[in-house]
Amino acid sequence: MTSGPTYTVGLMLSLCRYPFSYIHVNLREGQHKLPDYLVKNRYGQVPALRDGQTYYVQSAAILEHLAESLGKFDGKSAFEKHRIREWLFWQWDKLALPIFRLRARARGFRQFGDEVRNMYDTEAKAALSVLEHELGKNEWILGKRPTIADVGCFAVIRYLAEANIDLSPYPNVLAWKKRFEALPGFGTPEQILPMESRLL
Ligand SMILES: N[C@@H](CCC(=O)N[C@@H](CS)C(=O)NCC(=O)O)C(=O)O
């Protein structure tokens, strides 16, 4: 099973046409909790991005780092950068959490009862309604062009089916998803994350 946060980073690099090496960390074997990995990511999670001598962690923070250093999908003003950050915080708080939890349950990685499942389902649909409303105003989250706010949200929406959530009641989100998938450099998790190490 691919990691959604890791896909976020791989997708961004792919959209930026920036070649990267990929080292697979096997979560089932607990490699992410071993001392040599914790040096890279103190939170004991994937992904970790090495750029020069520095390891960057937390996918939303990595998106900001890449947007700034590669000069792509970034905000063009301090205000736009602020708006993007708002969306990235919201995306983790309201969108990613319920969807990734439902996906993990469906794939057998987490166990919880129907009451909790229904709670996450309601939360996920409430977040989708927010996105649906915003995407009714513009083609992209911030307006006329895609930014890392779209990349962050897309990398979650991509996994909706695995969370057993139907996107058809959200036509604006569906249209935006199709626009996103047509961007140059786009790839699915399976295309971008090889699940085995690939060095440049
Ligand atoms: N907020 C983190 C979430 C990362 C995350 O949840 N990674 C999962 C894999 S999809 C993980 O490493 N889980 C193992 C754990 O948390 O112990 C990010 O965006 O990088």
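Analyst: A helix's expected span is 1.5 Å times one less than its number of residues. Helices here are DSSP runs of H or I with at least four residues, strands are E runs of at least two, and both are numbered from the N terminus. The model is predicted, so local features need pLDDT of at least 70 and side-chain atom pairs 80 or more, while totals for chains, interfaces and linings use all residues. Residues are numbered from 1 along each chain as its sequence is written, and side-chain values use heavy atoms, leaving out hydrogens and water.

Let's start with helix 1. Its twelve residues, 4-15, reach 16 Å from the first C-alpha to the last, close to the 16 Å expected at 1.5 Å a residue. Just after helix 1 comes R17, with a positive phi of about 55°.

Helix 1 is mostly covered, with eleven of its twelve residues buried (under 20% relative accessible area with a 1.4 Å probe, protein chains only; over 50% is exposed, in between partly exposed). Among the buried ones are Y7, V9, L11, M12, L13 and L15. And what covers them? The list includes strand 1 (48-51), helix 3 (59-70), helix 4 (78-106), helix 6, helix 7 and helix 8 (189-192).

The whole structure holds eleven aromatic pairs (Phe, Tyr or six-membered Trp rings with centres within 6.5 Å; planes under 30 degrees apart are stacked, over 60 edge-to-face, the rest tilted). Take W140 and F180: their ring centres are 6.4 Å apart and their planes sit at 65°, so this pair is edge-to-face. W140 is in the loop between helix 5 (114-134) and helix 6 (148-157), while F180 is in helix 7 (residues 171-181), so the pair ties together parts 40 residues apart in sequence. W140 and F180 are both buried.

F180 also pairs with F154: the centres are 4.2 Å apart and the planes at 5°, so these two rings are stacked. Because F154 lies in helix 6 and F180 in helix 7, this pair ties together parts 26 residues apart in sequence. F154 is buried at 0% relative accessible area, and F180 counts as buried at 0% relative accessibility.

How values were computed: Contact means heavy atoms within 4.5 Å.
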